Amino acid sequence: MATFTGSMAPVLVLWLAMSLSGTWAVDKGNFKTCDQSAFCKRQRALKPGDSPYRALLETMELTNTRLTLQLINDNNKVRLLLELYRLQGNMTRVKINELKPLKPRFEVPDVLITEPSTEPLSLLSQDENGVVLSLGTESQRVIISARPFRLDIMEGPEVLMSLNSRGLLAFEHLRMRKDTWFSKGPPGCTSSKEEEKVDGMWEETFKSHSDSKPNGPSAISLDFSLPGVEHVYGIPEHADTLRLKTTDNGDPYRLYNLDVFQYELYNPMALYGAVPVMLAHKAQRTTGIFWLNAAETWVDISSNTAGKTVFGKMLDYVQGSSETPQTDVRWISESGIIDVFIMLGPTPKDVFSQYASLTGTQSFPPLAAVGYHQCRWNYNDQEDVASVDAGFDEHDIPYDYIWLDIEHTDGKRYFTWDSHKFASPKEMLQALEDKKRKMVAIVDPHIKVDSNYKIHNEIRNKGFYIKNKDGGDYEGWCWPGSAGYPDFTRPDMRAWWASMFAYDQYEGTAENLYTWNDMNEPSVFNGPEVTMHKDAVHGAWEHRDVHNLYGLYVQMATAEGQIQRSGGVERPFVLTRAFFAGSQRYGAVWTGDNAAEWDHLKVSIPMCLSLGLVGISFCGADVGGFFKSPSTELLVRWYQTGAYQPFFRAHAHLDTPRREPWLFGPENTALIRDVVRQRYTLLPYWYQQFYHAYRTGEPIMRPLWVEYPQDPATFVWFDVHTFQKHNGAQSLYIPVTMSSIPVFQRGGSIIPRKMRVRRSSSCMTHDPYTLYVALNLQRTAEGELYIDDGHTFNYEKKEFIHRRLSFAKNMLSSVNLATDAEFSTGSWIERIVILGASKPSKVTLKTADGQESQLEFDFDASMSVLTLRKPGVNAGLDWNVMLQ
Amino acid sequence: MHFHMIIVAVFWFGFVDSRKIRGISSSYKRFFRERKSFLCIDGSKIIPFEQVNDDYCDCEDGSDEPGTSACPQGRFYCTNLGFRPHYIPSSRVNDGICDCCDASDEYNSHAHCQNACWNLGQRERAYVEGQMRTLDEGLQLKQQLIEEGVLLWREKQAQLRELQQVAEDLQTKLEERRSRKQEADRLKEQTPRPPEAGDGRLFRGQNSTVTGTFKLLDSNKDGSITVDEVQAKVALVHDEERVLSEDEAVALLGGDHQMDLTTFQHTLWDILTNGGRVKIKDTHGAPGVGEDPPLKVADREWEATNLKKVEEAYDTVNMEISDLREKLAIDYGPDWEFLFLNSQCYKLKVYERWGMWEGPPKNQYGRMVYENGEPCWQGGSRSTTVTLTCGTETALRSVKEPSKCQYIMDFQTPVACQPVLKQRGIHSEL
């Protein structure tokens, strides 16, 4: 059993007291502002102007796929090497590194799924002022200007994006400690040793923490100009609006994975995860910038229209005299190199596809993971689990996963069970399995330093712990007290970690136990900004270089462990709090420790939308709010919102009263039951959306501009509950009651549902489908139906059904979209509901074998809803239904 | 003979219908007589009879699909021969999980369900028998506790009456004392005098000299004070009413059974004059006191002290009375059967006070809730819900903390045994 040693207990208690008492708000003093982060302050001190960098055109080398060119900083004569690639799928990659760095600079591994394929570049023209390269198709060109150095990417006469147009390219070259040369930017800058200290170049302190910075200054920075762009999105994770704000009057958006206690809304502070991807959207074109750097990063955004009112913009337009709108962006990172992927769209879906070709798509989750998850810190013991499980049956509410937080372990030793509270975990898991339900148990990356703990001993003996600056195993405080942090950047460490999930290693586990990785920023209670010291050592690299990657690696290794334990057969399900570009490949993320407040419910929407835009579709927020206790109304509304977000999990803090769905009176139980059941009827649609996200990288939860980049107005929408039809291009006030959720199906779409809601998603496997066909003004509609076994990787072996459902000319038909795939299902078409229909005289079903039969139907003239009774045809076959 | 025919008819219908209609109880069979059409039980719609249990929901009330999972509001009847019949939601029909012990819900699924009704029935019967034994035993114990409770109740009532009597007496006394004190105050105002020198503060109406006091105590005037005489004239300051015991008197006499004037002067006199534990009794018409002596300062103080003592005694008794009344006002159940629990401690004594009975109307004494307990670390206060169940011993069976500082206790006691349980028993269709 867990016992704190005399020395560790007081510290932990002190930390808990500090963090759990106090008023409700983030303690901003715990986290750096740009001014308190030495490199950010240094870089931000540079103002737009002439760049000291000059392209040395005589050094240019152009092969079929690559252009290289040296840049020189005229202030300090340090040379950089520019590499430029044209990538397949309308992307341009720009890499800038020191030509001859003192030692190698970190380049982010394991994020790109493969070395991106290149396309030929060709030289269009060249003179002493610059070079023009063709980017192949679509009259796209790159203009490299020599003095000062800048890059402009053009299509026809239009500039799509300019780099270093504001002269903010900066590259702090590695140097010897005694070196007095600085690439600070302003010309002729030399400084004394004292100034070095002031600048925090070789040492930096924050609160009581000192960062030794043995490599000295190493920051990089580059600006991007986006002509014609007024809206930029992405760079999660921030608790902020979907559309990013300008940062002129405050701090830049910060990307640095941090465990922020009781985070505050609507500000650019860093949170648990970081995806350095920004999307820029205007009506005709969407582009993206992927800044592949895992160090602490800050992003400044400014706009020439930011201060203008709508009237002011109109005035500009009428007078025709104004400059075009433009957004300027500037990225600053603490170390590494400049490696940026410019995704040129032109449509939002093209950008998703381009980004997906670099970092992969959303992993295709097991169907059950798309169901409802019941979590709490903590379900106390096996009896508690059994009674909550029974509560769902008693109240006829479906769920798929029940979750165990840290208290289930033997003294916060992950991979173990508390021997009193969870004496027979296999029996518990079997009882869940008997109801076709599953469990998630938490496994955090901090490992209790305890010589009686197998996991700790193995990691220590294998030398797998991250090292401190002096070479010893790094130790920090976390839930178990003193803890070590495995070096997940090491492939051998990750392989070992994965092997720990084998059934014979992780005792008491079974096929229906899945994993949750929390605290993987990593969270270090007594570390600077509640995370790891930047001078901690991962082999050849500093933690500084890899920080934002740590969480991705933890989830990667855990997901790999789950795959391996089943011999590569079963899909994993792993939830993570920290993430980076590419994390979408390993599972789900949630928005961390939110609070039971209406504003937190509201912000869950832009937070998940932002994540979806940068590839991470499987996103959700703690339903009900983690900290504090929700009012009943807030809880019900949160369920109604969460049911329509990709990851649907209720969670609650240890200190809050119980809030299982049936604890708020029969009326509220009924409201929650109803919305969870709505989620389950829509599982076929969600699942098909996940498949689509897995195939294309398109987000599941999308802002309207993604779907309608040019805002067409000629749609109709149907209320999915009442079938009330609303025409597009108007503002509507929709009255709501506690039971109504404004959900609309667009005219022109077909949505498959399963109306027989059962105890869990697995119980519904063989159930029949109801197709909801919403007709548009042209009286057509399209949709898809995807079916597979719901849990294995066999879909990769083409074992699935993928059909296109389309309605046109009074005929609804199902045709095979994947003729090379094969799967058989017992599910059949139970009912077809056509919204916006007129009354037919006869409805004929024709099956693949040519047989025809008449279908009974029911027509509701008041709502124009036609219901076809029991077509009965197998969902995997060809068929059509003709309305006459 | 008429009777027999009805039986036969019912049997015949039952035979025909049960072959066709899955998932209904016998009481519903009348709705499913095979005809050309079926009227939804809510009367909302008529459908062809072939559409009953055809795996498509036609009736809004789900009545056309009692045997399939087609209707969202439907329910399926498990006959469960050998055990208890019951309804399950239609959504549990053919979901791959065995819900009816007779396996009738999984007639078209991959689940391999065994008929477990007989085993379950056996187990249930054994369990119920055990419960019945516990109940019998529990009820007997409960009767004893009720009797004890009644006795205890009466005892407490008697105690209350006694206390009330004492209070009445004290009140009389108090009034008397008050008037005396008022008198003293009045006299003082009329004849203000300087305080007298000497030892005169202690006694009322006495010559407070050594010899005078000795003479007062020496009732039989034999020149020595005896135990009897001390007992008659000396009292404890804080309990004037009580007669000193022989030992106490002997102690005052310096361990002897008598005392002469010389010894008195150096021992007991000192004790009496120093205002210690004992004093000369307030003697009404004692020998040597012929007429009301003039009141002095000492007398007023004497009166004040005495009044205070009586007031204190009166307050104490009244507090005891209200305490007892409060305890007696608690709801100990209709037969005072829970009275024996008063001030008992079962392992986890969280509260000193009696909680609120908050069971459901049918079993009001089945649950007790304690609120506003000790403050919880993160705000709020502790609360406990105690569930009382029938058992042969009184003991705490489990304590849980489902949410922080909110406890649930399972408390077993014979007192929670309800005779009504006996009437239920087990119903099985054997």
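Which residues does Thr297(A) touch, not counting residues up to four places away in sequence? Select Thr297(A) together with Tyr253(A), Arg254(A), Leu255(A), Trp291(A), Trp331(A), Ile332(A) and Ser333(A), which are the residues in contact with Thr297(A) on that count, contact meaning heavy atoms within 4.5 Å.

Before going further, note that this is a predicted model, in which local features need pLDDT of at least 70 and side-chain atom pairs count only at pLDDT 80 or more, while totals for chains, interfaces and linings use all residues. Residues are numbered from 1 along each chain as its sequence is written, chains are lettered from A and ligands numbered from 1 in the order in which they are written, and side-chain values use heavy atoms, with hydrogens and water left out.

Staying on Thr297(A), colour strand 19 (residues 297–303) of chain A, where this residue is found; helices (H or I, at least four residues) and strands (E, at least two) are DSSP runs, numbered from the N terminus. Thr297(A) has 1% relative accessibility and therefore counts as buried, the classes being buried under 20% relative accessible area, exposed over 50% and partly exposed in between, with a 1.4 Å probe and protein chains only. Its side chain makes a polar contact of 2.7 Å with the side chain of Ser333(A), and a polar atom of the Thr297(A) side chain lies 2.8 Å from the backbone oxygen of Ala295(A). A polar contact is a pair of N or O atoms within 3.5 Å; within protein, one must be able to donate a hydrogen and the other to accept it, and residues adjacent in sequence count only if both atoms are side-chain atoms.

Next, select helix 14 (residues 665–681) of chain A, whose buried residues include Leu671(A), Ile672(A), Val675(A) and Tyr680(A). Among the elements covering the buried residues of this helix are helix 13 (632–642) and helix 15 (683–696) of chain A.

From helix 13 of chain A, move to helix 12 (residues 598–613) of chain A: the two pack at an angle of about 5 degrees, with their axes 10 Å apart, axes being lines fitted to C-alpha atoms, for helices over the stretch in contact, and angles running from 0 to 180 degrees between N-to-C directions. Helix 12 of chain A is therefore roughly parallel to helix 13 of chain A, a term for angles under 35 degrees. Residues making the contact include Trp598(A) and Leu601(A) of helix 12 and Leu634(A) and Trp638(A) of helix 13.

Finally, select Ala729(A), in the loop between strand 37 (725–727) and strand 38 (744–746) of chain A, which is exposed at 65% relative accessible area.

Terms used:
Angles under 35 degrees count as roughly parallel, over 145 as roughly antiparallel, 65 to 115 as roughly perpendicular and the rest as oblique.
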